[in-house]
Amino acid sequence: MAPKAKKAKTDQPRFHMNLSKAVTQDYESCSFVDLAKAPVSALQGLSAQAAEDNEESYARQGLGKLRLCEVRDLGTWKYYKVAKAIAGLAPCEEKGKRDPESVMNIDWAIDSEHESRSLREILKLPPSALQGLAASADEVLASLQVK
């Protein structure tokens, strides 16, 4: 007896996930792997300024100065990770509630002059308060509305 023939699938699943408000139109249909390799101008908000100038010169003069050329570079940038952690944890802080015995700190990530501040106070500092990030980065990031 011969095996039954398989029915062809006629109903293809409809996928709804999209990044339409995060990436430029040219990158809306690419894979995450390809998006990670894309230039930072693939992200909405970064492309508008890049379009005003030549995209290549923008990368060299703007984020390129910080060695941030691909989307992957932004997501794996150590300063982004530290800033995201501080921003995420700051709301968990309660004023005056630090245990006097606590040894918790982030002195490896913040310039020494700011080490004793609360996370909420650190959030108000310029990006160059992060240890190892030059003051010249403040201007580049400010042009992208990053404070």
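Modeller: Before we start, a contact here means heavy atoms within 4.5 Å. With that cut-off, residues 24 or more positions apart account for 45% of the contacts in the chain with a separation of 6 or more.

Biologist: Thanks! What kind of model is this?

Modeller: This is a predicted model, where local features need pLDDT of at least 70 and side-chain atom pairs count only at pLDDT 80 or more, while totals for chains, interfaces and linings use all residues. Residues are numbered from 1 along each chain as its sequence is written, and side-chain values use heavy atoms, with hydrogens and water left out.

Biologist: And what is the mean pLDDT of the chain?

Modeller: The mean is 85, and 84% of the residues reach 70 or more. pLDDT is the predictor's confidence in each residue, from 0 to 100.

Biologist: Which element has the lowest mean pLDDT, and which the highest?

Modeller: Helix α2 (residues 47-52) has the lowest, at 50, and helix α5 (residues 78-89) has the highest, at 95. Where pLDDT is low, the predicted coordinates should not be read in detail.

Biologist: Okay, overall layout. How many helices and strands are there?

Modeller: Seven helices and zero strands. Both are DSSP runs numbered from the N terminus: helices are H or I with at least four residues, strands are E with at least two.

Biologist: How much of the chain counts as buried?

Modeller: Of its 147 residues, 28% do. Buried means under 20% relative accessible area, exposed means over 50%, and partly exposed is in between, using a 1.4 Å probe and protein chains only.

Biologist: Which residues have the most contacts inside the largest nonpolar core?

Modeller: They are L63, L66, W77, I86, L130, L133 and L141, in a core of 28 residues. The elements giving two or more residues to this core are α5, α6 (119-123) and α7 (136-142). A nonpolar core is a set of buried Ala, Val, Leu, Ile, Met, Phe, Trp, Tyr and Cys residues joined through side-chain atoms within 4.5 Å.

Biologist: Pick one of those. What does L133 touch?

Modeller: Not counting residues up to four places away in sequence, L133 touches W77, Y79, P127, S128 and L141.

Biologist: Back to α5. How far does α5 reach?

Modeller: Its twelve residues reach 17 Å from first C-alpha to last, close to the 16 Å expected at 1.5 Å a residue. The expected span is 1.5 Å times one less than the number of residues.

Biologist: Which residues of α5 are buried?

Modeller: Y79, V82 and I86 are buried. Seen down the axis of α5, the buried residues fall within an arc of 65 degrees, so they line one face of the helix. That arc is taken from the directions from the helix axis to the C-beta atoms.

Biologist: What do they pack against?

Modeller: The buried residues of α5 pack against α6.

Biologist: You mentioned S128. Where is S128 found?

Modeller: S128 is in the loop between α6 and α7. At 14% relative accessibility, S128 counts as buried.

Biologist: What does its side chain make a polar contact with?

Modeller: The side chain of S128 makes one with the side chain of D138, at 2.7 Å. A polar contact is a pair of N or O atoms within 3.5 Å; within protein, one must be able to donate a hydrogen and the other to accept it, and residues adjacent in sequence count only if both atoms are side-chain atoms.

Biologist: How far apart are S128 and D138?

Modeller: They are ten residues apart in sequence and 6.2 Å apart in space, C-alpha to C-alpha.

Biologist: New topic: is R67 buried or exposed?

Modeller: R67 is exposed, with a relative accessible area of 73%. R67 lies in the loop between α3 (55-61) and α4 (71-76), and its phi is near 65 degrees, a positive value in a residue other than glycine.
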